[in-house]
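Biologist: Could you show me the model, so that we can go through its architecture and its contacts by question and answer?

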Amino acid sequence: MQLYNIPETYNATIISRPSKTIKSPYLADIYLENDTETIYMCHTPSLGCCGMIIPGAQVIVGKIKNGVKSHYVLYHVLCKNRMIGKH
């Protein structure tokens, strides 16, 4: 039995939260692991999640189809060699 299906994911790094473009606390700026020159906006449904979603944090994101403001959504944050669900 499958409880939750996560679409294709990408490794990313948080640059800033809130985003410098749109100052909403629900948005963060990220670099994708394979594209460190382009800044993408990412939806962070759990806000800062007790200080885990900060600049430099390693996260796992998924692509948002037809995203209005952000192109990615945050699913997990890597903290002390553990993957913590944040969606």
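Biologist: Which pattern does the chain follow when it is read along the sequence?

Modeller: This is a predicted model, in which local features need pLDDT of at least 70 and side-chain atom pairs count only at pLDDT 80 or more, while totals for chains, interfaces and linings use all residues. Residues are numbered from 1 along each chain as its sequence is written, and side-chain values use heavy atoms, with hydrogens and water left out. Helices (H or I, at least four residues) and strands (E, at least two) are DSSP runs numbered from the N terminus; the chain has zero helices and six strands, and its pattern reads β-β-β-β-β-β.

Biologist: In which sense do β1 and β4 pair, parallel or antiparallel?

Modeller: Two strands pair if DSSP finds at least two bridges between them, and five bridges are found between β1 (residues 9–16) and β4 (residues 58–63). Within this pairing, asparagine 11 stands opposite isoleucine 60 of β4. The sense in which β1 and β4 pair is antiparallel.

Biologist: Which residue of β5 is the bridge partner of lysine 63?

Modeller: Strand β4 is also joined to β5 (residues 72–79), by six bridges, and these two strands run antiparallel. The bridge partner of lysine 63 in β5 is tyrosine 72.

Biologist: What is the angle between the ring planes of tyrosine 10 and tyrosine 72?

Modeller: Rings of Phe, Tyr and Trp (its six-membered ring) pair if their centres lie within 6.5 Å, with planes under 30 degrees apart counted as stacked, over 60 as edge-to-face and the rest as tilted. A search of the whole structure finds two aromatic pairs. In the pair of tyrosine 10 and tyrosine 72 the ring centres are 5.7 Å apart, and the pair is edge-to-face because the planes stand at 85°.

Biologist: How many residues apart in sequence are the parts that this pair of tyrosine 10 and tyrosine 72 ties together?

Modeller: Tyrosine 10 belongs to strand β1 and tyrosine 72 to strand β5, so the parts tied together by the pair have a sequence separation, in residues, of 62.

Biologist: Is tyrosine 72 buried or exposed?

Modeller: Buried means under 20% relative accessible area, exposed over 50%, and partly exposed in between (1.4 Å probe, protein chains only). Tyrosine 10, at 24% relative accessibility, therefore counts as partly exposed. Tyrosine 72 has a relative accessibility of 5%, which means that this residue counts as buried.

Biologist: Which residues do the ring pairs link into a cluster?

Modeller: Tyrosine 40 and tyrosine 72 also form an edge-to-face pair, 5.4 Å centre to centre with 75° between the planes. Tyrosine 40 lies in strand β3 (residues 35–43) and tyrosine 72 in β5, so this pair ties together parts 32 residues apart in sequence. The cluster linked by ring pairs consists of Tyr10, Tyr40 and Tyr72.

Biologist: With which residues is serine 70 in contact, leaving aside its neighbours within four places in sequence?

Modeller: Serine 70 is placed in the loop between β4 and β5, and its relative accessible area is 8%, so serine 70 is buried. Contact means heavy atoms within 4.5 Å. Leaving aside neighbours within four places in sequence, the residues in contact with serine 70 are Leu27, Met41, Cys42, His43 and Ile64.

Biologist: What distance separates the C-alpha atoms of proline 25 and proline 45?

Modeller: Proline 25 is found in the loop between β1 and β2 (27–32), and at 39% relative accessibility it counts as partly exposed. Proline 25 and proline 45 are 20 residues apart along the chain, and their C-alpha atoms are separated by 9.3 Å.
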